[in-house]
Amino acid sequence: MDFYFGLAQTVGIHTLLGLSAYIVLLTGQVSLAQAAFFAIGAYSAGMLTVLAGWHVVPALGVGSMLGAVTACAVGFPALRVKGLMLVVATLAFGEGVRLFFFNFDYQVAKGGIRVGPLGGEGFRQIRFFQEHGWTTGEVMLFIWVFVIAVMALLWWFDRSRYGAVLRSVGEDEVAAQSVGINLTAVKVSAMTVGGAIAGVGGGLYAHYTTHIEHANFNVLLATFAIAYPIVGGLRTVFGTLTAVIFVQAFLIEGLRFLGDWRNLLFGALIVLAMNLRPHGLFGRHGA
Amino acid sequence: MLDFLQTLSDGVLFGAIYALIGIGFTLVFGVMHKINMAYAAASVGGAYAGLLVLKAVVVAPAWMVFLGAFLAGGMLGWLVYVTCFHFIPLSSPLAPLMSTVGMLLLIDEVIVHLTAGMPQNYPAMFDDVMLRFGEFTLRGDLLLVFGISVLAMIGLLALLYRSRLGLATRAVAQQPIAAQLCGIRVTRVNALTFVIAGLLGGLAGALIGASVGALSPLLTTPLTVKGLVVTVIGGLGSIPGAIVAGLLVGGFENLFQQFRGVTERDMYVMLLLFAFLVFRPGGLFPAKS
């Protein structure tokens, strides 16, 4: 049973990551910086519970806020450029953040051992859940409370005026601008919300794995973040959730019996899926 | 001062490889307005395929390996075009981005699968030659890398500006619909662009193998990032821009590697890119629009 709880935890955390890219993608922007906001959330929430002894909930809140603030700060200069330039700008920012954590040491002695992030060796012993005796099932429920809250929020956004504004910018910037929509404000706000979601996801990730290091937050993770909504389609938040289940539960866990061949099939299936369903598995039909 | 010059020249010579990779990205972008994320992976894949020549001909000289990599790179370029671009409608800009990422993962995994993840030794030419000017030296193999890259760039520019195919390519880049009305087969030009970019990529992959001495699948991600950085600093779609930016990034990163250490090196490259995005978002040679 613990295996399925563990799998559900992974799916939940990756859903948060995917949703953080989903809202940015709604405005037509492709951001490869989501892994960086995820990392910022992970390191800050981890440092607050381990070094400052906070409870995990306020620590997640601070991680999420830091993610949002960074996303907002990156949004202004990065969104001056469009399309592919933005892909590269956010990619570079993400790599920059990863390299920052690669060189980041902040350790304090606690109970005879030194704890805290230590550069390339990473940040060990983020043991809040274990120290407070949470079972795997409880941790899973805790994670899914956040997932469901975020999904409900985004689902509600989609039905509100704000969602319509986001999508109109994604469909046609010139048309959106001509009816008086402030493009920069809309894009930066989407980026900020995305950063907050990624921050929560990162904080949860740090506490669930108990050990994070810079290599966890590489370009591959950033690509996964945008892959979920694109593969799932941008019609609803459930597309992202389905894509995460498809990738994490089916492609990664379900095909484990294939051994080495699984990894080969993984890339090939993504190529195939995009050829057959260019607008995502649950996207609209046709052009 | 000598240290500085030495480091700078080594970096600039190696930067020729970044320039080649940057040209590949920029060429595809210029013609199709799409980004090919699988490009660096295909380049490394081409270089690996060149090693097959060593298997077939037991004591193959290095130039045969290079030639094999060159041709295999072209074939991989065509394969990427067919699998990731040909059947996907132009109206879905996100799909080819994702399919090429899938292709990147696939090529990476094929390499890992076939070599069991072990780095492979790569043959070099002139690696025992050293040009000395007093204290200042130039490594023979880096000079060769630089020389081959320059020849490849001249060849590409001649192809683009002195041949009918080049004219067609530039026409498609400027106005695909008008080009089609003039009787240019757009899909064929697109496919050929991928083949040409792939040929350059295979060569770049082989040159990396030769100057580092080994190839590893771990090269693909950093190479993708560097190639994209070079493309943006040079100005998207600009070939001279990619060349200058490649040499610039090569020299810049080697300086920071020397004076700040290898772990911090790439952080400064990203800062350089961000400085460009803020102060000169069009790159060194912005596209006229």
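Because the model is predicted, local features are given only where pLDDT is at least 70 and side-chain atom pairs only at pLDDT 80 or more, while totals for chains, interfaces and linings use all residues. Residues are numbered from 1 along each chain as its sequence is written, and chains are lettered from A in the order in which they are written.

The table sets out two groups of its residues, where buried means 20 or more other C-beta atoms within 10 Å of a residue's own and exposed means 12 or fewer, with C-beta atoms placed from the backbone.

| Group in α12(A) | Residues |
|---|---|
| Buried | A:N263, A:G267, A:I270, A:V271, A:A273, A:M274 |
| Exposed, on the face turned away from the buried side | A:W261, A:L276 |

The buried residues fall within an arc of 165° seen down the helix axis, so they line one face of α12(A), the arc being that of the directions from the axis to the C-beta atoms. They pack against α10 (219–232) of chain A together with α3 (62–86) and α4 (94–115) of chain B. A:W261 counts as exposed because it has 12 C-beta neighbours inside 10 Å.

Between the chains, 38 residues of chain B are in contact with 35 residues of chain A, contact meaning C-beta atoms, placed from the backbone, within 7 Å. On the side of chain B that touches chain A, α4(B) gives the most, with 13 residues.

Conventions: Helices (H or I, at least four residues) and strands (E, at least two) are DSSP runs, numbered from the N terminus. Two residues are in contact if their C-beta atoms, placed from the backbone, lie within 7 Å.
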